[in-house]
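Hi everyone, thanks for coming. Let's take a look at this one together.

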Amino acid sequence: MFKPIRLLAASILALLPASAALAQAYPSKPVTLIGPFAAGGPTDTIARLYGEQLSKALGQPFLVENVVGAGGVTGTNRAVKATADGYTFLVHNVAPHVAGPALYAGATYNPVEDFEPVASLAEAAIYVVVRKDFPAKTLKEFLDYGKANPGKISFASAGSGSATHLACELLKLRAGIDMLHVPYRGTGPALNDLVSGKVDMMCDQGLNVGAQLKADAVRALAIAQDSRSAAFPDVPTTQEAGLAGLTVNASTAIYAPKGTPAPVIKALSDALDQAGRSELIKQRLEQLVSERPSGDRMTPAGLKRFTAEEFAKWTTTIKSSGIKVN
Ligand code: MLT
């Protein structure tokens, strides 16, 4: 560049608001995506999938760091304290994100007020699944068995407060049955023990359990949403199978610590929106038995509203029902 032009560029930059200058330079180094569940599980898989797209779009590595424990609270506590400079984000499942403070005294954040929502990334239905040789072929038979054998059915989860745990607690409440909770450090090990028959059932995300369902290694009794899924059209909804009021959305989203500059949020949200609409992501999510977010949840405003709604819903459910961590 000739000197006068360089001087001109420098003086234009000096006139720009600090935030605009920051956006021009962003990102200038690798970015960390905190994943609060174990590697290989749904949250981690979605974080890595979109991390790759962000790296391509924004020219710096977006790397997942798994900070695991307490149903996602350990990683979220770390994320809320991170410097809000656009180099640390949280990729979390919305249900455990909002449930954490009602369940764990050690949760040091408010999921709505202390984070800037960036975008919803993927949604996955929750399937009610049992080990292959469980003596119930339908949800009704399962619930009858549960009523006749209080506390005997064991259910595995990705940890106390995870979506897989909360969904089964809701099932217990709605059906009026008691079951034994066996928490693991991620969906992977939990599902392994279901496949090998060490535990009886799970309320698992399609992303995690899909391959084992296709391989007939476990049996699905119902899907906890309002309509059947394209991936497993023979699996009835919980409502069809005789249990009303059990719909659970396992939605993975990305949040920034409060105070992250608006141009950074916009750069990420634009790149994610574009990636989210691409054929590549559509196909990858289909393979992962997941879907693109519905409505406007891909936008910061849409995710903010959804997070606030889920926060109110889960906080009320947890407080009124006495759901506890163990
Ligand atoms: C959950 O809330 O159950 C998580 O999505 C589990 C995970 O991602 O491993």
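Which domains does the shell around the ligand draw at least three residues from? Domain 1 (29–124 + 250–321) and domain 2 (125–223) each give at least three, with bounds from an automatic or database domain assignment.

A word on the ground rules: this is a predicted model, where local features need pLDDT of at least 70 and side-chain atom pairs count only at pLDDT 80 or more, while totals for chains, interfaces and linings use all residues. Residues are numbered from 1 along each chain as its sequence is written, and side-chain values use heavy atoms, with hydrogens and water left out.

Now, the shell. Among the residues around the ligand are Phe37, Thr43, Asn93, Ala163, Thr187 and Gln205, each with a heavy atom within 4 Å of the ligand. By class, the shell has five nonpolar, seven polar and no charged residues; Gly counts as polar here, and Ala, Phe and Pro as nonpolar. Two helices, α3 (42–58) and α7 (163–175), each supply at least two shell residues; helices are DSSP runs of H or I, at least four residues, numbered from the N terminus.

What about polar contacts, meaning pairs of N or O atoms within 3.5 Å? A ligand oxygen is 2.5 Å from a side-chain N or O atom of threonine 43. At alanine 163, a polar backbone atom is 2.6 Å from an oxygen of the ligand. For threonine 187, the distance from a side-chain N or O atom to a ligand oxygen is 3.4 Å. The protein buries 100% of the 260 Å² that the ligand exposes when taken alone, by the Shrake-Rupley method with a 1.4 Å probe.

One last stop, away from the ligand question. Tyrosine 26 and proline 27 are joined by a cis peptide bond, with omega about -10 degrees. Thanks, everyone!

Technical notes
Polar contact = N/O pair within 3.5 Å; in protein donor to acceptor, adjacent residues only side chain to side chain.
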